[in-house]
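Please read it alongside the sequence and the model shown here.

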Amino acid sequence: MAEIVGPRSTLPPPPVDRISGPPSGRYSLPPGVPAPPPDPTLFEAVGIRFVALLNHIGRMSIILAQACGAMFRRPLELRAIVYQMESLGVRSVGIASVTAVFIGMVMAVQFAFGLQKFGGMEYTGRIIGLSFSRELAPTLTAVIVGGRIGSGMTAEVGSMAVTEQIDAIYALGADPIKKLVVPRLIASVLVMPILATFSLVLGFSGAMIVTSTQFNVSAGFFLKTALDTLTMPDFLSGICKCPVFGAIIALVGCYFGLITTGGTEGVGRSTTRSVVVISITILIADFFLTKIFMFIWSQ
């Protein structure tokens with residue numbers, strides 16, 4: 001006998017609420033599973049980040065103290081220091097040169113165009129010379145070059161950390177701080193003043209070329225007005241910042257490499273963090289160093 005099928009209902013199915021969840025408002029957990037902790041408040045989140053910052057600063061201070069103590073222990077690792085100076089300094093000349101030349105050209109266009117309206121073209125060389133010698137040459141070079149060499153340090157040391165090569169150095173009775181951190185620290189401290197001086201010359205040359213070709217200011221007059229304004233304290237207040245910037249770059253880069261975990265993904269995270277921290281730390285240190293040198297040279 002054929003089955004008699006009644007008319008199908010044409011009513012739409014009841015709506016499914018996928019947002020509000022179960023009627024009780026909470027999902028039930030299996031027996032024995034604790035409930036997740038509540039989200040931290042804004043004050044608690046800020047406190048956690050501040051404590052983590054202090055922890056990082058303390059651990060970097062320990063690494064710096066260990067590196068300073070290892071510098072004077074034999075062997076001196078001269079071959080590694082020379083290699084790091086070539087890797088960090090010579091290979092960074094290109095990016096430092098391009099950055100300095102075009103920043104000088106941009107500054108020349110901006111200042112000359114503005115001062116031309118008031119008949120103050122003779123002040124272009126003075127302003128560019130002071131700004132480059134005091135701030136732009138050391139700070140901009142440290143930020144640009146620091147991002148390159150700091151990320152390279154983090155990637156190198158971090159790759160050794162995730163592949164357990166640093167543990168192997170410990171197992172062989174050697175000191176990883178002396179083998180990895182000290183050569184990079186010394187090389188960065190020695191290389192940064194040289195790169196900053198090189199950037200100062202190139203940036204000033206780029207500004208001089210633009211003013212002489214576009215604004216009809218002779219190169220001799222531009223150079224003379226700048227040298228008449230600059231003094232040795234102006235030059236030293238910029239160059240003396242560079243060893244501190246170099247130490248920051250090497251210390252932060254090696255630190256984030258040493259604490260790297262999680263394979264290649266962890267190396268990528270540490271590299272990104274090191275570039276950000278290096279840039280911010282250099283700018284913060286630049287403010288305090290500027291205040292210190294202004295106090296010293298004003299006496």
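Two residues are in contact when heavy atoms of theirs lie within 4.5 Å. The structure is a predicted model, in which local features need pLDDT of at least 70 and side-chain atom pairs count only at pLDDT 80 or more, while totals for chains, interfaces and linings use all residues. Residues are numbered from 1 along each chain as its sequence is written, and side-chain values use heavy atoms, with hydrogens and water left out.

**Overall architecture**

- The protein chain has 10 helices and zero strands; helices (H or I, at least four residues) and strands (E, at least two) are DSSP runs, numbered from the N terminus.
- Of the 299 residues of the chain, 36% count as buried; buried means under 20% relative accessible area, exposed over 50%, and partly exposed in between, with a 1.4 Å probe and protein chains only.
- Among contacts between residues at least 6 apart in sequence, 85% join residues at least 24 apart.

**Pockets**

- Pockets and cavities are found on a 1 Å grid over the protein atoms alone: a cavity is a set of points where a 1.4 Å probe fits but cannot get out, and a pocket is an open set with protein on both sides within 12 Å along at least five of seven lines. Lining residues have an atom within 4 Å of a point.
- Grid points are joined across faces, edges and corners, and a volume is the space filled by probe spheres set on the points.
- The largest pocket has a volume of about 460 Å³ and is lined by 18 residues, of which L53, H56, I57, M60 and V277 lie nearest its centre.
- Two or more residues of this lining come from each of helix 1 (42-70), helix 9 (242-258) and helix 10 (263-297); helix 1 gives the largest share, eight residues.
- By class, the lining of the largest pocket has 13 nonpolar, three polar and two charged residues. Here Ala, Val, Leu, Ile, Met, Phe, Trp, Tyr, Cys and Pro count as nonpolar, Asp, Glu, Lys and Arg as charged, and the others, Gly among them, as polar.
- The second largest pocket has a volume of about 210 Å³, and its lining includes R59, I62, Q66, D167, Y170 and L258.
- The elements giving two or more residues to the lining of the second largest pocket are helix 1, helix 5 (165-171) and helix 6 (176-214). Helix 1 again supplies the largest share, here four residues.
- Eight nonpolar, one polar and two charged residues make up the lining of the second largest pocket.

**Cavity**

- There is one cavity of 30 Å³ or more, and about 60 Å³ of space lies in the largest cavity.
- Among the residues lining the largest cavity are A96, T99, A100, F132, L136 and S199.
- Helix 4 gives the largest share of the cavity lining, seven residues.
- The cavity lining divides into eight nonpolar, three polar and no charged residues.

**Helix packing**

- Helix 3 (residues 93-116) has 24 residues and reaches 34 Å from its first C-alpha to its last, close to the 34 Å expected at 1.5 Å a residue; the expected span is 1.5 Å times one less than the number of residues.
- The buried residues of helix 3 are A96, S97, A100, G104, M107, A108, A112 and L115, and what covers them includes helix 4 and helix 6.
- An α-helix has 3.6 residues a turn, so residues three or four places apart point the same way.
- In helix 8 (residues 232-239), D234, S237, G238 and I239 are buried; they pack against helix 4 (124-162), helix 6, helix 7 (219-229), helix 9 and helix 10.

**Around S212**

- S212 lies in helix 6 and is partly exposed, with a relative accessible area of 28%.
- Leaving aside its neighbours within four places in sequence, S212 is in contact with V217 and A219.
- The backbone oxygen of M208 lies 3.0 Å from a polar atom of the S212 side chain.

**Backbone features in loops**

- Most residues other than glycine have a negative phi, and most peptide bonds are trans.
- A cis peptide bond, with omega about 0°, joins R74 and P75; P75 is in the loop between helix 1 and helix 2 (78-88).
- E164, in the loop between helix 4 and helix 5, has a positive phi near 65° and is exposed at 54% relative accessible area.
- N216, in the loop between helix 6 and helix 7, has a positive phi of about 55° and counts as exposed at 71% relative accessibility.

Definitions and conventions. A polar contact is a pair of N or O atoms within 3.5 Å; within protein, one must be able to donate a hydrogen and the other to accept it, and residues adjacent in sequence count only if both atoms are side-chain atoms.
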